[in-house]
Amino acid sequence: MVLGGGEADGTGYAPAGRDAAMDAALTALYGGAGAAGPRKASGRRSAGLGGSAPHVARWLGDIRTYFPSSVVQVMQRDAIERLGLSTLLLEPEMLEAVEPDVHLVGTLLSLNKAMPEATKETARAVVRKVVEQLERRLATRTRATLTGALDRSARISRPRHHDIDWDRTIRANLKNYLPEYRTVVPERLIGYGRAAQSVKKEVILCIDQSGSMAASVVYASVFGAVLASLRAITTRLVVFDTAVVDLTDQLDDPVDVLFGTQLGGGTDINRALAYCQSRITRPADTVLVLISDLYEGGIRDEMLKRVAAMKGAGVEFVTLLALSDEGAPAYDREHAAALAALGAPAFACTPDLFPEVMAAALEKRPLPVP
């Protein structure tokens with residue numbers, strides 16, 4: 001691609017063997033309309049992906065042969081966007097050939113209603129593979145981080161011996177240091193309450209399921225399942241566009257959650273927050289996480305009043321413009337500024353940072369805004 005092709009070829013030499021195959025795979029996607037495949041003797045390239053499932057299936061096999069997985073995922077995403085291959089993903093043999101990733105899951109979810117029955121089981125298998133990969137990557141660290149945060153938030157002054165927080169106890173009793181004995185005599189013990197023994201916190205994940213939030217929906221569903229597995233947290237998962245759907249009863253399986261969403265449509269954040277607000281029973285022990293690009297189609301002033309009321313009641317309110325690895329998303333800057341003025345700064349969050357954000361919210365300390 002760098003050296004050009006056809007009349008733009010600056011070397012005078014045609015690639016051969018593996019190089020020719022890689023060149024053909026790249027040209028099929030990036031070479032423009034009608035360009036693809038191996039070179040003809042004249043130096044022009046022939047064939048193309050077109051709308052043919054066999055051609056696309058062969059191409060998918062080629063790129064998996066010649067390129068690493070990270071590059072394959074980018075090329076697949078570009079093929080879906082540039083060549084309009086979404087409809088081909090409704091065929092089981094096509095789904096079996098692709099490299100699963102978060103973006104592919106988002107595409108499949110957007111096609112869910114149009115998907116023929118013969119494809120649905122294959123699609124679920126693809127989605128489950130991605131979900132399991134994400135759980136392996138994220139679950140252990142999330143559980144460890146949040147369990148620690150819950151224990152720290154439940155410190156007690158008369159702990160049992162194995163519950164003593166020695167670091168904080170020593171620092172709190174430094175004035176009682178006895179030089180002759182080179183020791184500290186603790187007058188006050190600080191320890192961890194057994195937060196895991198009973199429910200201490202409530203978390204509500206309120207997720208915008210408009211089409212632009214696909215990757216965030218995938219990650220949030222996985223995190224929702226992880227949070228639901230912690231005995232010290234009750235977790236509610238709500239998705240919305242112009243309607244609101246509570247998927248809490250499906251949290252034991254993130255795949256069921258994902259297939260319960262309907263990507264696309266409008267956005268009514270105010271209605272979604274009204275529903276979440278009606279489910280809050282202990283405001284001071286509740287963390288509400290709104291995951292949205294904030295393009296509000298509902299009543300803006302009512303939305304802001306609702307956020308202010310929840311914060312005034314003691315709810316920890318977190319606004320994530322995206323929960324993905326994509327970086328800064330497009331978002332409504334006016335609404336983000338209005339939320340920041342209410343003490344609820346809006347920012348994009350990577351999946352790796354999310355456990356730290358939740359830990360800070362549970363402990364009611366400043367959020368680690370990137």
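Glutamate 202 is buried, with a relative accessible area of 13%. Buried here means under 20% relative accessible area, exposed means over 50%, and partly exposed lies in between (1.4 Å probe, protein chains only). This is a predicted model, in which local features need pLDDT of at least 70 and side-chain atom pairs count only at pLDDT 80 or more, while totals for chains, interfaces and linings use all residues. Residues are numbered from 1 along each chain as its sequence is written, and side-chain values use heavy atoms, with hydrogens and water left out.

Glutamate 202 sits in strand 5, residues 201–208. Helices (H or I, at least four residues) and strands (E, at least two) are DSSP runs, numbered from the N terminus. The side chain of glutamate 202 makes a polar contact of 3.2 Å with the side chain of threonine 281. A polar contact is a pair of N or O atoms within 3.5 Å; within protein, one must be able to donate a hydrogen and the other to accept it, and residues adjacent in sequence count only if both atoms are side-chain atoms.

Setting aside residues up to four places away in sequence, glutamate 202 touches Thr234, Thr281, Arg282, Asp285, Thr286 and Val287. Contact means heavy atoms within 4.5 Å. Threonine 286 belongs to strand 8. Threonine 286 is buried, at a relative accessible area of 1%. Its contacts, leaving aside neighbours within four places in sequence, are Glu202, Ile204, Ile280, Val315 and Glu316.

Beyond its neighbours within four places in sequence, leucine 290 is in contact with Cys206, Phe240, Ile269, Leu273, Phe317, Val318, Thr319 and Leu320.

Valine 102 lies in helix 5. Valine 102 is buried, with a relative accessible area of 10%. Not counting residues up to four places away in sequence, valine 102 touches Val130, Leu134, Ala215, Val218 and Tyr219.

The table gives both pairs.

| Pair | Sequence separation | C-alpha to C-alpha distance |
|---|---|---|
| Leucine 290 and valine 239 | 51 residues | 10.0 Å |
| Valine 102 and serine 216 | 114 residues | 9.2 Å |

## Nonpolar cores

A nonpolar core is a set of buried Ala, Val, Leu, Ile, Met, Phe, Trp, Tyr and Cys residues joined through side-chain atoms within 4.5 Å. The largest has 62 residues, and Leu108, Val289 and Phe354 have the most contacts inside it. Helix 6 (residues 117–152) gives the most to this core, with 10 residues. A second, separate core has 23 residues, among them Cys206, Phe240, Leu304 and Met310. Leucine 108, apart from its neighbours within four places in sequence, is in contact with Leu89, Leu95, Met115, Ala123, Val126 and Val127.

## The largest pocket

Rolling a probe the size of a water molecule over the atoms shows where empty space is left. The largest pocket has a volume of about 460 Å³. Of the 27 residues that line the largest pocket, His103, Gly211, Ser212, Ala214 and Ala215 are the closest to its centre. On a 1 Å grid over the protein atoms alone, a pocket is an open set of points where a 1.4 Å probe fits, with protein on both sides within 12 Å along at least five of seven lines; lining residues have an atom within 4 Å of a point. Grid points are joined across faces, edges and corners, and a volume is the space filled by probe spheres set on the points.

Helix 5 gives the most to the lining of the largest pocket, with six residues. Helix 3 (69–83), helix 5 (102–110), helix 8 (214–228) and strand 9 (316–323) each supply at least two residues. The lining divides into 11 nonpolar, 11 polar and five charged residues. Ala, Val, Leu, Ile, Met, Phe, Trp, Tyr, Cys and Pro count as nonpolar, Asp, Glu, Lys and Arg as charged, and the others, Gly among them, as polar.

## Positive phi

Arginine 182 has a positive phi of about 50 degrees although it is not a glycine. Arginine 182 is in the loop between strand 2 (177–178) and strand 3 (183–184). At 71% relative accessibility, arginine 182 counts as exposed.

## Whole chain

The protein chain has 13 helices and 10 strands. Buried residues make up 45% of its 370 residues.
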